[in-house]
Amino acid sequence: MQPYFYSFQEFLAMGKHGMYVWSTWGLTLIVVLGFVLYSVHQRRQLVKDLKIQHTRQQQRKQAQRRP
């Protein structure tokens, strides 16, 4: 069995398709990272909103108990 690439430089060049291959990998990584960061942001915002909603509901219950 022979290796497809004999050096690291050949590996990076990918048979003269390196620019396309590595830019595609880079774009994919950026998109996936963007989705992860967006999801984390959305989760934090949802938890914050739920805490506010819970606090308001508790305040309404206490206000209704008072005559």
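Tyr4 is exposed, with a relative accessible area of 72%, where exposed means over 50%, buried under 20% and partly exposed in between (1.4 Å probe, protein chains only). Tyr4 lies in the segment before α1, a helix being a DSSP run of H or I with at least four residues, numbered from the N terminus. The structure is a predicted model, in which local features need pLDDT of at least 70, side-chain atom pairs count only at pLDDT 80 or more, and totals for chains, interfaces and linings use all residues. Residues are numbered from 1 along each chain as its sequence is written, and side-chain values use heavy atoms, with hydrogens and water left out.

**Aromatic rings**

- A pair of aromatic rings is described by the distance of the centres and the angle of the planes.
- Rings of Phe, Tyr and Trp (its six-membered ring) pair if their centres lie within 6.5 Å; planes under 30 degrees apart count as stacked, over 60 as edge-to-face and the rest as tilted.
- By this rule there are four aromatic pairs.
- One of them joins Phe5 and Phe11 edge-to-face, at 5.6 Å centre to centre with 80° between the planes.
- The pair of Phe8 and Phe11 is tilted, because the ring centres are 6.0 Å apart and the planes stand at 35°.
- Phe8 and Phe11 are three residues apart in helix α1, so about one helical turn separates them.
- Ring pairs link Tyr4, Phe5, Phe8, Phe11 and Trp22 into a cluster.

**Exposure within the cluster**

- Phe8 is exposed, with a relative accessible area of 59%.
- Phe5 is partly exposed at 26%, and Phe11 is partly exposed at 30%.

**Nonpolar patch**

- Phe8, Phe11, Leu12, Trp22 and Trp25 make a nonpolar surface patch of about 550 Å².
- α1 (8-13) and α2 (18-65) are the elements that give two or more residues to this patch, and α1 gives the most, with three residues.
- Patch residues have over 30% relative accessible area and no salt bridge; like charges are joined within 9 Å, and nonpolar side chains (Val, Leu, Ile, Met, Phe, Trp, Tyr) within 5 Å.
- A salt bridge is a side-chain nitrogen of Lys or Arg within 4 Å of a carboxyl oxygen of Asp or Glu.

**Annotated region and spacing**

- An unreviewed UniProt entry annotates residues 20-40 as "transmembrane region"; such annotations may be inferred rather than shown by experiment.
- Over residues 20-40 the chain is 100% helix and 0% strand, with the end C-alpha atoms 30 Å apart.
- Tyr4 and Met14 are 10 residues apart in sequence and 9.6 Å apart in space, C-alpha to C-alpha.

Terms used. Accessible areas come from the Shrake-Rupley method with a 1.4 Å probe; for residues, only the protein chains shown count as cover.
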